[in-house]
Amino acid sequence: MLVAILPGDGIGPEVTAQARRVLDALAVPGMTYESALVGGAAYHATGHPLPPETLDLAKRADAILFGAVGDPTCDSLERALRPEQAILGLRKELTLFSNLRPAKMFPELADDSTLRREIAEAIDLLIVRELNGDVYFGEKGMRRTADGLREGYDIMSYNEAEVRRIAHSAFKAAQARRGKLCSVDKANVLETSQLWRDVVIEVAADYPDVALSHMYVDNAAMQLVRNPGQFDVIVTGNLFGDILSDQASMCVGSIGMLASASLDANGKGLYEPIHGSAPDIAGQSKANPLATILSAAMMLRFSLGQAEAADRIEAAVAKALAGGARTADLGGSLSTSAMGDAVLAAL
Ligand code: NAI
Ligand code: MG
(Lines give C-alpha, C1' and ligand atoms only; values in the text may rest on other atoms or scores of the structure.)
(Ligands and ions follow the chains in the order given, each with its own letter.)
Protein backbone atom coordinates (compact mmCIF):
# COMPACT_ATOMS: atom_id res chain seq x y z
CA MET A 1 0.00 0.00 0.00
CA LEU A 2 1.49 3.26 -1.17
CA VAL A 3 0.74 6.47 0.71
CA ALA A 4 1.57 9.77 -0.97
CA ILE A 5 2.62 12.44 1.48
CA LEU A 6 2.16 15.99 0.20
CA PRO A 7 3.24 18.37 2.98
CA GLY A 8 2.75 21.65 1.07
CA ASP A 9 3.35 25.07 2.58
CA GLY A 10 3.45 26.94 5.86
CA ILE A 11 2.53 24.67 8.76
CA GLY A 12 1.76 21.82 6.31
CA PRO A 13 5.24 20.24 6.60
CA GLU A 14 5.23 20.72 10.39
CA VAL A 15 1.94 18.91 10.95
CA THR A 16 2.45 16.15 8.37
CA ALA A 17 5.83 15.34 9.96
CA GLN A 18 4.04 14.55 13.23
CA ALA A 19 1.43 12.41 11.47
CA ARG A 20 4.25 10.52 9.76
CA ARG A 21 5.90 9.82 13.13
CA VAL A 22 2.63 8.33 14.37
CA LEU A 23 2.24 6.22 11.22
CA ASP A 24 5.82 4.99 11.56
CA ALA A 25 5.23 4.04 15.18
CA LEU A 26 2.22 1.95 14.17
CA ALA A 27 4.39 0.09 11.64
CA VAL A 28 1.44 -1.25 9.66
CA PRO A 29 2.87 -4.09 7.54
CA GLY A 30 3.12 -3.37 3.82
CA MET A 31 2.82 0.42 4.00
CA THR A 32 5.24 2.49 1.94
CA TYR A 33 5.51 6.26 1.65
CA GLU A 34 6.55 8.66 -1.07
CA SER A 35 6.58 12.44 -0.71
CA ALA A 36 6.24 15.17 -3.31
CA LEU A 37 6.13 18.95 -3.51
CA VAL A 38 2.80 20.72 -3.78
CA GLY A 39 1.53 24.28 -3.58
CA GLY A 40 3.88 27.23 -3.21
CA ALA A 41 6.77 24.85 -2.44
CA ALA A 42 6.21 23.17 -5.81
CA TYR A 43 5.76 26.49 -7.60
CA HIS A 44 9.07 27.80 -6.31
CA ALA A 45 10.89 24.59 -7.29
CA THR A 46 9.21 23.82 -10.61
CA GLY A 47 7.11 26.77 -11.70
CA HIS A 48 3.80 24.99 -11.11
CA PRO A 49 1.82 24.36 -7.88
CA LEU A 50 0.75 20.87 -9.01
CA PRO A 51 3.62 19.49 -11.10
CA PRO A 52 3.02 16.39 -13.26
CA GLU A 53 5.17 14.19 -11.00
CA THR A 54 3.09 15.16 -7.97
CA LEU A 55 -0.17 14.47 -9.78
CA ASP A 56 1.27 11.17 -11.02
CA LEU A 57 2.21 10.13 -7.47
CA ALA A 58 -1.27 11.08 -6.24
CA LYS A 59 -2.82 8.93 -8.96
CA ARG A 60 -0.53 5.94 -8.26
CA ALA A 61 -0.97 6.03 -4.50
CA ASP A 62 -3.61 4.10 -2.58
CA ALA A 63 -4.18 7.14 -0.39
CA ILE A 64 -2.87 10.68 0.00
CA LEU A 65 -1.98 12.50 3.19
CA PHE A 66 -2.01 16.23 2.50
CA GLY A 67 -0.82 19.10 4.70
CA ALA A 68 -1.92 22.52 3.44
CA VAL A 69 -1.14 24.91 0.61
CA GLY A 70 -1.00 28.68 0.60
CA ASP A 71 1.97 30.99 0.44
CA PRO A 72 1.75 34.79 0.78
CA THR A 73 4.77 35.24 -1.51
CA CYS A 74 2.59 33.86 -4.32
CA ASP A 75 -0.25 36.36 -3.85
CA SER A 76 0.58 38.37 -6.95
CA LEU A 77 0.72 35.36 -9.29
CA GLU A 78 -2.02 34.77 -11.84
CA ARG A 79 -4.74 32.56 -10.37
CA ALA A 80 -3.75 29.39 -12.25
CA LEU A 81 -0.31 29.41 -10.60
CA ARG A 82 -1.42 30.10 -7.04
CA PRO A 83 -0.73 27.38 -4.46
CA GLU A 84 -4.45 26.85 -3.72
CA GLN A 85 -4.95 25.66 -7.30
CA ALA A 86 -3.03 22.52 -6.33
CA ILE A 87 -5.67 21.30 -3.89
CA LEU A 88 -8.49 22.29 -6.23
CA GLY A 89 -6.67 20.48 -9.04
CA LEU A 90 -6.19 17.30 -6.99
CA ARG A 91 -9.85 17.26 -5.96
CA LYS A 92 -10.92 17.67 -9.60
CA GLU A 93 -8.33 15.40 -11.28
CA LEU A 94 -8.99 12.54 -8.87
CA THR A 95 -12.77 13.19 -8.77
CA LEU A 96 -12.68 13.53 -4.99
CA PHE A 97 -16.23 14.79 -4.74
CA SER A 98 -17.22 13.69 -1.26
CA ASN A 99 -15.62 15.54 1.62
CA LEU A 100 -16.31 14.11 5.07
CA ARG A 101 -15.59 16.44 7.97
CA PRO A 102 -16.45 14.95 11.32
CA ALA A 103 -16.74 17.25 14.32
CA LYS A 104 -16.96 15.43 17.63
CA MET A 105 -16.29 16.91 21.01
CA PHE A 106 -13.42 15.37 22.93
CA PRO A 107 -14.87 15.72 26.46
CA GLU A 108 -11.45 16.93 27.68
CA LEU A 109 -11.75 19.94 25.38
CA ALA A 110 -15.23 21.07 26.37
CA ASP A 111 -13.75 24.10 28.12
CA ASP A 112 -11.80 25.09 24.96
CA SER A 113 -14.99 25.34 22.94
CA THR A 114 -16.37 28.79 22.36
CA LEU A 115 -19.73 27.32 23.37
CA ARG A 116 -21.04 26.64 26.86
CA ARG A 117 -19.92 23.24 28.12
CA GLU A 118 -23.38 21.65 28.16
CA ILE A 119 -23.96 22.73 24.54
CA ALA A 120 -20.47 21.75 23.34
CA GLU A 121 -20.54 18.30 24.93
CA ALA A 122 -23.41 17.22 22.68
CA ILE A 123 -21.49 17.80 19.43
CA ASP A 124 -21.11 14.68 17.30
CA LEU A 125 -21.79 15.63 13.72
CA LEU A 126 -20.49 14.96 10.25
CA ILE A 127 -20.43 17.57 7.51
CA VAL A 128 -20.58 16.02 4.03
CA ARG A 129 -19.37 18.74 1.69
CA GLU A 130 -19.56 18.50 -2.10
CA LEU A 131 -16.09 19.16 -3.45
CA ASN A 132 -16.11 19.12 -7.26
CA GLY A 133 -18.61 21.81 -8.18
CA ASP A 134 -20.21 25.06 -7.06
CA VAL A 135 -18.85 28.55 -7.34
CA TYR A 136 -15.21 27.42 -6.90
CA PHE A 137 -15.19 25.64 -10.25
CA GLY A 138 -17.65 27.74 -12.26
CA GLU A 139 -16.65 30.21 -14.92
CA LYS A 140 -14.98 33.21 -13.32
CA GLY A 141 -13.46 36.40 -14.48
CA MET A 142 -13.17 40.16 -14.42
CA ARG A 143 -15.04 42.38 -16.82
CA ARG A 144 -16.25 45.93 -17.21
CA THR A 145 -19.81 47.02 -16.73
CA ALA A 146 -21.45 49.20 -19.39
CA ASP A 147 -20.43 52.27 -17.42
CA GLY A 148 -16.83 51.13 -17.11
CA LEU A 149 -16.78 49.74 -13.56
CA ARG A 150 -14.64 46.67 -12.85
CA GLU A 151 -16.84 43.65 -12.09
CA GLY A 152 -15.75 40.26 -10.81
CA TYR A 153 -17.96 37.20 -11.36
CA ASP A 154 -17.98 33.53 -10.39
CA ILE A 155 -20.72 31.29 -11.69
CA MET A 156 -22.42 29.06 -9.11
CA SER A 157 -23.90 25.90 -10.60
CA TYR A 158 -24.66 22.26 -9.89
CA ASN A 159 -26.07 19.69 -12.26
CA GLU A 160 -28.36 16.96 -11.01
CA ALA A 161 -25.78 14.17 -11.37
CA GLU A 162 -23.38 16.07 -9.12
CA VAL A 163 -26.05 16.59 -6.48
CA ARG A 164 -27.26 12.99 -6.73
CA ARG A 165 -23.84 11.43 -6.08
CA ILE A 166 -23.10 13.57 -3.02
CA ALA A 167 -26.63 12.96 -1.74
CA HIS A 168 -26.05 9.20 -1.92
CA SER A 169 -22.77 9.60 0.02
CA ALA A 170 -24.57 11.59 2.69
CA PHE A 171 -27.55 9.24 3.04
CA LYS A 172 -25.17 6.27 3.36
CA ALA A 173 -23.16 8.13 5.99
CA ALA A 174 -26.37 8.88 7.88
CA GLN A 175 -27.39 5.20 7.74
CA ALA A 176 -24.07 4.29 9.35
CA ARG A 177 -24.60 6.89 12.09
CA ARG A 178 -27.81 8.04 13.81
CA GLY A 179 -30.03 8.09 10.72
CA LYS A 180 -30.56 11.85 10.51
CA LEU A 181 -29.64 13.98 7.51
CA CYS A 182 -29.99 17.75 7.26
CA SER A 183 -29.52 19.22 3.78
CA VAL A 184 -28.30 22.81 3.92
CA ASP A 185 -28.99 25.18 1.03
CA LYS A 186 -30.31 28.63 0.19
CA ALA A 187 -33.30 27.48 -1.86
CA ASN A 188 -35.27 30.61 -1.01
CA VAL A 189 -33.02 32.71 -3.26
CA LEU A 190 -30.72 30.46 -5.35
CA GLU A 191 -31.74 28.33 -8.34
CA THR A 192 -28.70 26.13 -7.70
CA SER A 193 -30.10 25.42 -4.26
CA GLN A 194 -33.62 24.75 -5.58
CA LEU A 195 -32.23 22.01 -7.82
CA TRP A 196 -30.12 20.76 -4.90
CA ARG A 197 -33.18 20.46 -2.69
CA ASP A 198 -35.32 18.77 -5.39
CA VAL A 199 -32.64 16.15 -6.11
CA VAL A 200 -31.95 15.43 -2.43
CA ILE A 201 -35.68 14.80 -1.97
CA GLU A 202 -35.67 12.40 -4.96
CA VAL A 203 -32.68 10.48 -3.60
CA ALA A 204 -34.34 10.25 -0.18
CA ALA A 205 -36.81 7.73 -1.64
CA ASP A 206 -33.95 5.17 -1.65
CA TYR A 207 -33.30 5.70 2.05
CA PRO A 208 -36.59 5.38 3.93
CA ASP A 209 -34.68 4.69 7.15
CA VAL A 210 -33.04 8.15 7.12
CA ALA A 211 -34.93 11.18 8.47
CA LEU A 212 -34.31 14.05 6.04
CA SER A 213 -34.69 17.72 6.91
CA HIS A 214 -33.76 20.94 5.10
CA MET A 215 -32.30 24.14 6.45
CA TYR A 216 -31.25 27.45 4.93
CA VAL A 217 -27.54 28.08 5.34
CA ASP A 218 -27.92 31.27 7.36
CA ASN A 219 -30.13 29.47 9.84
CA ALA A 220 -27.70 26.52 9.85
CA ALA A 221 -24.85 28.84 10.85
CA MET A 222 -26.97 30.06 13.73
CA GLN A 223 -28.16 26.59 14.77
CA LEU A 224 -24.56 25.30 14.77
CA VAL A 225 -23.74 27.57 17.67
CA ARG A 226 -27.18 27.55 19.30
CA ASN A 227 -27.72 23.81 19.47
CA PRO A 228 -25.16 21.77 17.48
CA GLY A 229 -26.29 18.59 19.22
CA GLN A 230 -29.36 18.55 16.97
CA PHE A 231 -27.21 17.58 13.94
CA ASP A 232 -26.13 14.11 12.89
CA VAL A 233 -25.12 14.42 9.22
CA ILE A 234 -25.19 17.72 7.32
CA VAL A 235 -24.94 17.62 3.51
CA THR A 236 -24.20 20.79 1.64
CA GLY A 237 -22.45 22.35 -1.34
CA ASN A 238 -18.83 23.30 -1.68
CA LEU A 239 -19.04 26.94 -0.54
CA PHE A 240 -21.48 26.50 2.33
CA GLY A 241 -19.62 23.39 3.51
CA ASP A 242 -16.30 25.23 3.54
CA ILE A 243 -17.69 27.94 5.79
CA LEU A 244 -19.81 25.78 8.09
CA SER A 245 -16.97 23.34 8.76
CA ASP A 246 -14.59 26.10 9.88
CA GLN A 247 -17.37 27.27 12.16
CA ALA A 248 -17.93 23.74 13.49
CA SER A 249 -14.22 23.47 14.25
CA MET A 250 -14.36 26.25 16.84
CA CYS A 251 -17.41 24.64 18.39
CA VAL A 252 -15.21 21.63 19.19
CA GLY A 253 -12.27 23.68 20.43
CA SER A 254 -9.97 24.62 17.55
CA ILE A 255 -9.50 24.58 13.81
CA GLY A 256 -6.40 22.55 14.62
CA MET A 257 -8.62 19.61 15.62
CA LEU A 258 -10.73 18.91 12.52
CA ALA A 259 -9.69 16.13 10.15
CA SER A 260 -11.17 15.39 6.75
CA ALA A 261 -11.44 12.76 4.05
CA SER A 262 -12.04 13.60 0.39
CA LEU A 263 -13.23 10.48 -1.40
CA ASP A 264 -13.89 9.35 -4.94
CA ALA A 265 -16.59 6.86 -5.91
CA ASN A 266 -14.29 3.89 -5.16
CA GLY A 267 -13.11 4.92 -1.71
CA LYS A 268 -9.73 6.27 -2.77
CA GLY A 269 -9.07 9.35 -0.76
CA LEU A 270 -7.08 12.40 0.09
CA TYR A 271 -6.84 13.12 3.81
CA GLU A 272 -6.08 16.54 5.21
CA PRO A 273 -6.70 18.83 8.16
CA ILE A 274 -9.45 21.35 7.32
CA HIS A 275 -7.17 24.27 8.12
CA GLY A 276 -4.83 26.06 5.75
CA SER A 277 -1.12 26.84 5.79
CA ALA A 278 -1.47 29.37 8.65
CA PRO A 279 1.33 31.72 7.56
CA ASP A 280 0.87 33.69 10.80
CA ILE A 281 2.32 30.83 12.87
CA ALA A 282 4.35 28.94 10.23
CA GLY A 283 7.91 28.02 11.18
CA GLN A 284 7.31 28.66 14.88
CA SER A 285 6.37 25.10 15.90
CA LYS A 286 3.09 26.39 17.29
CA ALA A 287 0.68 24.50 15.03
CA ASN A 288 -1.59 21.85 16.46
CA PRO A 289 -0.82 18.61 14.57
CA LEU A 290 -3.87 16.70 15.86
CA ALA A 291 -6.10 17.48 12.85
CA THR A 292 -3.47 15.93 10.59
CA ILE A 293 -2.84 12.98 12.94
CA LEU A 294 -6.61 12.36 13.03
CA SER A 295 -6.68 12.66 9.22
CA ALA A 296 -4.10 9.87 9.09
CA ALA A 297 -6.46 7.79 11.22
CA MET A 298 -9.30 8.44 8.76
CA MET A 299 -6.97 7.38 5.96
CA LEU A 300 -6.19 4.08 7.65
CA ARG A 301 -9.90 3.48 8.24
CA PHE A 302 -11.42 4.51 4.91
CA SER A 303 -8.78 3.83 2.26
CA LEU A 304 -6.34 1.30 3.71
CA GLY A 305 -8.58 -1.16 5.57
CA GLN A 306 -6.74 -0.64 8.85
CA ALA A 307 -9.58 0.17 11.25
CA GLU A 308 -7.71 -1.17 14.25
CA ALA A 309 -4.72 1.11 13.63
CA ALA A 310 -7.15 4.02 13.19
CA ASP A 311 -8.80 3.21 16.53
CA ARG A 312 -5.37 3.20 18.18
CA ILE A 313 -4.54 6.66 16.86
CA GLU A 314 -7.87 8.12 17.95
CA ALA A 315 -7.53 6.56 21.40
CA ALA A 316 -3.98 7.92 21.71
CA VAL A 317 -5.14 11.44 20.82
CA ALA A 318 -7.90 11.24 23.42
CA LYS A 319 -5.42 9.97 26.00
CA ALA A 320 -2.90 12.72 25.24
CA LEU A 321 -5.63 15.34 25.64
CA ALA A 322 -6.87 13.73 28.84
CA GLY A 323 -3.29 13.92 30.12
CA GLY A 324 -3.35 17.68 29.58
CA ALA A 325 -1.45 17.97 26.28
CA ARG A 326 -2.35 21.33 24.74
CA THR A 327 -0.87 23.41 21.93
CA ALA A 328 -1.36 27.19 21.95
CA ASP A 329 -4.65 27.10 20.03
CA LEU A 330 -6.01 24.98 22.90
CA GLY A 331 -4.73 27.35 25.54
CA GLY A 332 -1.52 25.42 26.24
CA SER A 333 2.15 25.82 25.46
CA LEU A 334 3.25 22.57 23.79
CA SER A 335 5.15 22.85 20.53
CA THR A 336 4.02 20.96 17.45
CA SER A 337 6.56 18.19 18.00
CA ALA A 338 5.87 18.02 21.74
CA MET A 339 2.21 17.35 20.92
CA GLY A 340 3.47 14.63 18.57
CA ASP A 341 5.54 13.25 21.47
CA ALA A 342 2.44 13.20 23.70
CA VAL A 343 0.47 11.21 21.12
CA LEU A 344 3.36 8.78 20.61
CA ALA A 345 3.69 8.30 24.35
CA ALA A 346 -0.03 7.55 24.60
CA LEU A 347 0.22 5.14 21.68
P1 NAI B 1 -5.84 28.98 8.06
O2 NAI B 1 -6.70 27.81 8.33
O3 NAI B 1 -4.50 28.70 7.48
O4 NAI B 1 -5.63 29.83 9.41
C5 NAI B 1 -6.71 30.45 10.08
C6 NAI B 1 -6.30 30.73 11.52
O7 NAI B 1 -6.28 29.49 12.24
C8 NAI B 1 -4.92 31.32 11.66
O9 NAI B 1 -4.91 32.25 12.71
C10 NAI B 1 -4.04 30.14 12.00
O11 NAI B 1 -2.89 30.46 12.76
C12 NAI B 1 -4.99 29.25 12.78
N13 NAI B 1 -4.69 27.83 12.58
C14 NAI B 1 -4.88 27.10 11.45
N15 NAI B 1 -4.46 25.86 11.61
C16 NAI B 1 -3.96 25.77 12.86
C17 NAI B 1 -3.35 24.71 13.60
N18 NAI B 1 -3.15 23.48 13.09
N19 NAI B 1 -2.95 24.97 14.86
C20 NAI B 1 -3.13 26.19 15.39
N21 NAI B 1 -3.70 27.23 14.74
C22 NAI B 1 -4.11 27.02 13.48
O23 NAI B 1 -6.67 29.94 7.10
P24 NAI B 1 -6.24 31.32 6.40
O25 NAI B 1 -5.37 32.11 7.28
O26 NAI B 1 -7.51 31.89 5.92
O27 NAI B 1 -5.42 30.87 5.12
C28 NAI B 1 -3.99 30.76 5.07
C29 NAI B 1 -3.61 30.14 3.73
O30 NAI B 1 -4.05 28.77 3.68
C31 NAI B 1 -4.24 30.83 2.53
O32 NAI B 1 -3.28 30.86 1.51
C33 NAI B 1 -5.40 29.92 2.17
O34 NAI B 1 -5.76 30.02 0.83
C35 NAI B 1 -4.81 28.57 2.50
N36 NAI B 1 -5.80 27.52 2.77
C37 NAI B 1 -5.48 26.27 2.30
C38 NAI B 1 -6.31 25.19 2.56
C39 NAI B 1 -5.87 23.84 2.08
O40 NAI B 1 -4.71 23.64 1.77
N41 NAI B 1 -6.73 22.86 2.01
C42 NAI B 1 -7.53 25.35 3.33
C43 NAI B 1 -7.76 26.69 3.84
C44 NAI B 1 -6.91 27.73 3.53
MG1 MG C 1 -11.83 26.29 4.44
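Predicted model: local features only at pLDDT ≥ 70, side-chain atom pairs only at ≥ 80, totals over all residues.
Student: Okay, and α4 itself, which of its residues are buried?

Tutor: The buried ones are Glu 84, Gln 85, Ala 86, Ile 87, Leu 90 and Arg 91.

Student: Some of those numbers sit three or four places apart. Why would that matter in a helix?

Tutor: An α-helix takes 3.6 residues for each turn, so residues three or four places apart point the same way.

Student: What covers the buried residues of α4?

Tutor: The cover includes two helices, α2 (40-46) and α3 (52-60). Strands β11 (259-263) and β12 (269-273) are also part of that cover.

Student: Let me zoom out. How many helices and strands does the chain have?

Tutor: Twelve helices and twelve strands. The C-alpha atoms fill a box of roughly 60 × 50 × 35 Å along the principal axes.

Student: And how does the radius of gyration look against a compact globule?

Tutor: It agrees: a compact globule of 347 residues would be near 20 Å, and the chain has 20 Å. Buried residues make up 50% of the chain. If you take contacts between residues at least 6 apart in sequence, 75% of them join residues at least 24 apart.

Student: How is the chain divided into domains?

Tutor: Domain 1 is made of 1-101 + 256-347, and domain 2 is 114-251. Their centres, over C-alpha atoms, are separated by 24 Å.

Student: How many residues are in contact between the two?

Tutor: On the domain 1 side 14 residues are in contact with 17 residues of domain 2. Helix α4 (84-93) and strand β4 (98-104) each supply at least two residues of that domain 1 side. β4 gives the most, with four residues. By class, the domain 1 side has seven nonpolar, four polar and three charged residues.

Student: Changing topic: which residues does UniProt list as "binding site"?

Tutor: One set, from an unreviewed entry, is Arg 91, Arg 101, Arg 129 and Asp 218. They span 128 residues in sequence and the farthest two C-alpha atoms are 26.5 Å apart, so they do not all gather at one spot. The unreviewed entry also lists Asp 218, Asp 242 and Asp 246 for "binding site".

Student: Take the arginines. Is Arg 101 buried or exposed?

Tutor: Arg 101 is in strand β4 and is buried, because it has 24 other C-beta atoms within 10 Å, where the threshold is 20 or more. Leaving aside neighbours within four places in sequence, its contacts include Arg 129, Ile 127 and Ser 245.

Student: What about Arg 129, then?

Tutor: Arg 129 lies in strand β5 (residues 124-130) and also counts as buried, with 28 C-beta neighbours inside 10 Å. Beyond four places in sequence, Arg 129 touches Arg 101, Asp 242 and Ser 245, among others.

Student: And the aspartates, where are Asp 218 and Asp 242?

Tutor: Asp 218 is in helix α8 (residues 217-226) and is exposed, with 12 other C-beta atoms within 10 Å. Asp 242 is in helix α9 (residues 238-251) and is partly exposed, with 18 other C-beta atoms within 10 Å.

Student: Last one: which residues come nearest to ligand 1?

Tutor: Of the 21 residues around ligand 1, the nearest are Gly 70, Gly 256, His 275, Gly 276 and Asn 288. The shell has eleven nonpolar, six polar and four charged residues.

Conventions. Residues numbered from 1 in each chain as written. Chains lettered and ligands numbered in written order. Rg over C-alpha atoms; globule rule 2.2 N^0.38 Å. Contact = placed C-beta atoms within 7 Å. Near = placed C-beta within 6 Å. Nonpolar A, V, L, I, M, F, W, Y, C, P; charged D, E, K, R; others polar. UniProt positions renumbered as here; feature names shortened; annotations may be inferred. Domains from an automatic or database assignment.
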